[in-house]
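Visitor: Could you walk me through this chain, a few local details at a time?
Guide: Gladly; let's have a look together.

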Amino acid sequence: MSQEFPLPMPTLARSPQGLLIEQVALTDIAARFGTPVYVYSRAALTEAFDAYRRALGARRSLVCCAVKANSNLGVLSVFAQLGAGFDIVSGGELARVLAAGGRADRVVFSGVGKSRTEMRQALEAGIRCFNVESAAELERLNEVAAQMGRTAPVALRVNPDVDAKTHPYISTGLKSNKFGVAFGEALALYRRAAALPHLRVCGIACHIGSQLLDAAPMAEAASRMLGLVDRLAAEGIRLEHVDLGGGLGIRYRDEAAPTVDAYLAPLLELFKDRPEELCFEPGRSLTGNAGLLLTRVEYLKPGEEKNFAIVDAAMNDLLRPSLYSGWHAVMEVVARDAPRRTVDVVGPICESGDFLARDRDLAVEEGDLLALLSAGAYGMSMSSNYNSRPRAAEVLVDGREIHLVRARETVESLYALECPLSSSRS
């Protein structure tokens, strides 16, 4: 195989019949469901969630799965059955959580642009908390709650202005980011929230970015949050929980990603004598290395400067490489005893940016299967129908069992809500 490092996906293994995920051959999945297809491992999802539970131990806490990372109902139902909470950023994500069996009272609603309709939907469902991200949102939520005769539980998402040292597209805790309220404005906004009759102040939240590979920035942010918590308590505004967001990174290639234990250890030390409940919102670290994208080689196209392996998956299926140069290991599903060639793995979309991997040494022929690893987070959830391409199927493997958790779209389904104009003009 083309990788010189251990497989980042814990439930993937080599066998004489090719790559296996848990006890199922990827060749069997491709034969049954076609390609491209996303494939998830229930064992890997469960182990990732259990790592948080073990690290937190008896500490009063709630682990909220970030729905944006992977919103498939099959995946969400695994976490719901494990007792997870959920972090949402839209009314659609709330509907998905409830459809998957998640509990509304374990849902936190983040996001900078909550609409009145979404606020009403969340209040009717009885969610745990709104993570409010602006003064205007605070006033609107109080107004909506008053119209409904409800009291909305709120936390302010405070921007600690800590550099997460990650890609700028997934950094969220700096002054220049759109998220949260400025640290210097938080105290006055908490006073305002406490004075509004249809809000109940219950917590504080922060989130500094995604794919974090160093625990120090998060510990710095948490320390700043605790200082604010104590200032609020001195004014009689006592908080029930502190939400430290998510962002723990994973190993895509050869990154030295911290374990959950190592990442949480300095945070737990900060909070060891504190009464507040600790909340976390992991996404990538729960689902990233629990899924892969399976694709088939359509053509091999040699060139003067580049050789291409053109596959049936594309940037509409997996956007990360095109969006911010995200790197995914690419493996031949069935090994060939043949010379390797350096190729760019590209899709059929009419964009020069349609690539899934660059400069990979692979031994492949037309018709061979490739697995793009570590695709369980921000893969299917960021996919689109660009070039009128139906989105991929999704399957979840549980031991020897294969569950189709999302059927492949059809071309007809793409324009089912559209109407052509008649040829005559009135």
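**Loops, strands and a core**

Visitor: Which two strands have Glu-22 in the loop between them?
Guide: Helices (H or I, at least four residues) and strands (E, at least two) are DSSP runs, numbered from the N terminus. On that numbering, Glu-22 sits in the loop between β2 and β3.

Visitor: Before we go on, what kind of model is this?
Guide: Residues are numbered from 1 along each chain as its sequence is written, and side-chain values use heavy atoms, without hydrogens or water. Local features need pLDDT of at least 70 and side-chain atom pairs count only at pLDDT 80 or more, while totals for chains, interfaces and linings use all residues, since the model is predicted.

Visitor: Is Glu-22 buried or exposed?
Guide: Its backbone is worth a glance too: phi is positive, about 50°, although Glu-22 is not a glycine. Buried means under 20% relative accessible area, exposed over 50%, partly exposed in between (1.4 Å probe, protein chains only). Glu-22 has a relative accessible area of 17%, so the residue is buried.

Visitor: In what order do the strands of the 3-stranded open sheet run?
Guide: Two strands pair if DSSP finds at least two bridges between them. Strands β1 (residues 12-15) and β2 (residues 18-21) run antiparallel and are joined by 4 bridges. The edge strands, each pairing on one side only, are β1 and β3 (24-25). Pairing in this open sheet is antiparallel, and the order is β1-β2-β3.

Visitor: Which residue does the cis peptide bond join to Thr-35?
Guide: The place to look is the loop between α1 (26-33) and β4 (37-41), where Pro-36 is found. Omega is about -5° for the cis bond, and the residue joined to Thr-35 is Pro-36.

Visitor: Which residues have the most contacts inside the largest nonpolar core?
Guide: A nonpolar core is a set of buried Ala, Val, Leu, Ile, Met, Phe, Trp, Tyr and Cys residues joined through side-chain atoms within 4.5 Å. The largest one has 100 residues, and helix α8 (residues 215-234) gives the largest share, 10 residues. Another core lies apart from it, with 23 residues, among them Leu-292 and Met-331. Within the largest core, the residues with the most contacts are Phe-79, Phe-130, Leu-244 and Leu-264.

Visitor: How far apart in space are Arg-336 and Asp-368?
Guide: Arg-336 is found in the loop between β16 (330-332) and β17 (341-346) and is partly exposed, because its relative accessible area is 39%. Contact means heavy atoms within 4.5 Å. Leaving aside neighbours within four places in sequence, Arg-336 is in contact with Ala-363, Val-364, Glu-365 and Asp-368. Arg-336 and Asp-368 are 32 residues apart in sequence, and their C-alpha to C-alpha separation is 9.6 Å.

Visitor: What is the relative accessibility of Ser-374?
Guide: Ser-374 is in the loop between β19 (369-372) and β20 (393-398). Its phi is near 55°, a positive value in a residue other than glycine. Ser-374 counts as buried because its relative accessibility is 0%.
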